[in-house]
Amino acid sequence: MAPPLGKDVHTLRPDHGHTRRSVLAGLAAFGALGAASCTRVASASGKNGGDLLDRLRAQGVVRLGIAGEIPFGYIDRNGELTGEAPELAKAVFKRLGVDRVQPVPTEFGSLIPGLKSQQFDVVAAGMYVTPDRCEQVIFADPDYRMPDAFVVRKGNPLGLRTYADALRRHAKAATGTGYAQIQHAVEAGYRESDLVIVPDQVAGLNAVESGRVDLFAATAVTARLVARGSAKAESTEPFVALVDGRPKVDGGAFAFRPEETRLRDAFNAELRKLRRSGELYRIVRPFGFTKAEMTTLTAKELCG
């Protein structure tokens, strides 16, 4: 799920009780796992939609490009790969005749270059579908849509529900490095230099709890989960940001090399079945998603 400006905003799986330290430890383990397996995959032919699906079925394993972002793809405290994207990938690829998934961790900014250079088969990182990215890769249809929300002090004393509210109340705003919420806040009238940019959602929560900022802007799932259990902070109701004067709804999806249309189309077909049956929601719900984040948006719509 990644926002147009870089990394998507992700947070902790609610039943894990992670601390920042355990999150970092998990990511370190994730990196070690990927380093042991990060070899290039064979180049695919684009003829007749590519042959990657056939090769994956023969191999019995698909390599997933993962950015190590919680809750979209991470290593849990037991050392197991989990998250919204890996669990969904497991379900779809099993239906396609590929029984195993193998993570290849990388920096978020290296996901598309890594996919194009055949370091892995699919980007499974909740990547936001944007027109710029659609010029480089092909996307499955989004498996979720995502509005924004704020983490604010308990009781929301400033009554902050949108960026317009925050600007009007001269609220000190924070968000994360590379988050789409930077663009959303600037579109609302903030100067980027006035935003407090923090490295992750845990730092954002700490900034709100300590009173350094009045709000931490994030995706709805991030705000909801990171504030859960806090004695000093809460999340606001989700809202849709305005970009260029229009509501901006982002959606995240799996990405494929442009020549692999056959694999993308087969993936989409199984994804639609999972959506219709309700299984898609059952898979992503443990990671903090609600029915409000389910979508019927298409990649074509978001590619523009």
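Predicted model: local features only at pLDDT ≥ 70, side-chain atom pairs only at ≥ 80, totals over all residues.
**Cavity**

Grid points are joined across faces, edges and corners, and a volume is the space filled by probe spheres set on the points. The largest cavity comes out at about 30 Å³.

I then listed the lining, meaning residues with an atom within 4 Å of a point. Val-152, Arg-153, Asn-156, Pro-157, Leu-158, Leu-160 and Asp-214 line the largest cavity. By class that gives four nonpolar, one polar and two charged residues. Here Ala, Val, Leu, Ile, Met, Phe, Trp, Tyr, Cys and Pro count as nonpolar, Asp, Glu, Lys and Arg as charged, and the others, Gly among them, as polar.

Residues are numbered from 1 along each chain as its sequence is written, and side-chain values use heavy atoms, with hydrogens and water left out.

**Overall**

I noted twelve helices and 15 strands in the protein; these are DSSP runs numbered from the N terminus, helices being H or I of at least four residues and strands E of at least two. Buried residues make up 56% of the 304 residues, where buried is under 20% relative accessible area, exposed over 50% and partly exposed in between (1.4 Å probe, protein chains only). Of the contacts (heavy atoms within 4.5 Å) with a separation of 6 or more, 76% join residues 24 or more positions apart.

**Helix 2**

Which residues of helix 2 are buried? In this helix, residues 52-59, I found Leu-52, Leu-53, Arg-55 and Leu-56 buried. They sit on the same side of helix 2, because they cover an arc of only 165° around the axis, taken from the directions from the helix axis to the C-beta atoms. The buried residues of helix 2 pack against strand 1 (61-66), helix 3 (84-95) and helix 10 (261-277). Just after helix 2, Gly-60 has a positive phi of about 80°.

**Aromatic rings**

I counted eleven aromatic pairs. Rings of Phe, Tyr and Trp (its six-membered ring) pair if their centres lie within 6.5 Å; planes under 30 degrees apart are stacked, over 60 edge-to-face and the rest tilted. Phe-150 and Tyr-163 have ring centres 5.2 Å apart and planes at 80°, so this pair is edge-to-face. Phe-150 is in strand 8 (residues 148-153) and Tyr-163 in helix 6 (residues 163-168), so the pair ties together parts 13 residues apart in sequence.

Tyr-163 also pairs with Phe-239, edge-to-face, with centres 5.3 Å apart and planes at 75°. Phe-239 lies in the loop between strand 12 (233-235) and strand 13 (241-243), 76 residues from Tyr-163. Tyr-163 counts as buried at 6% relative accessibility, and Phe-239 at 10%. Elsewhere I marked one aromatic cluster of Phe-72, Tyr-128, Tyr-144 and Phe-289.

**Ala-255**

Last, I checked Ala-255 in strand 15 (residues 250-256). Buried or exposed? Ala-255 is buried, at 0% relative accessibility. Leaving out residues up to four places away in sequence, Ala-255 touches Leu-115, Val-122, Val-123, Val-137, Ile-138 and Phe-139. I also noted 9.2 Å between the C-alpha atoms of Ala-255 and Gly-126, 129 residues apart along the chain.

Conventions. 1 Å grid on protein atoms, 1.4 Å probe; cavity = no way out; pocket = protein on both sides within 12 Å on 5 of 7 lines; lining within 4 Å.
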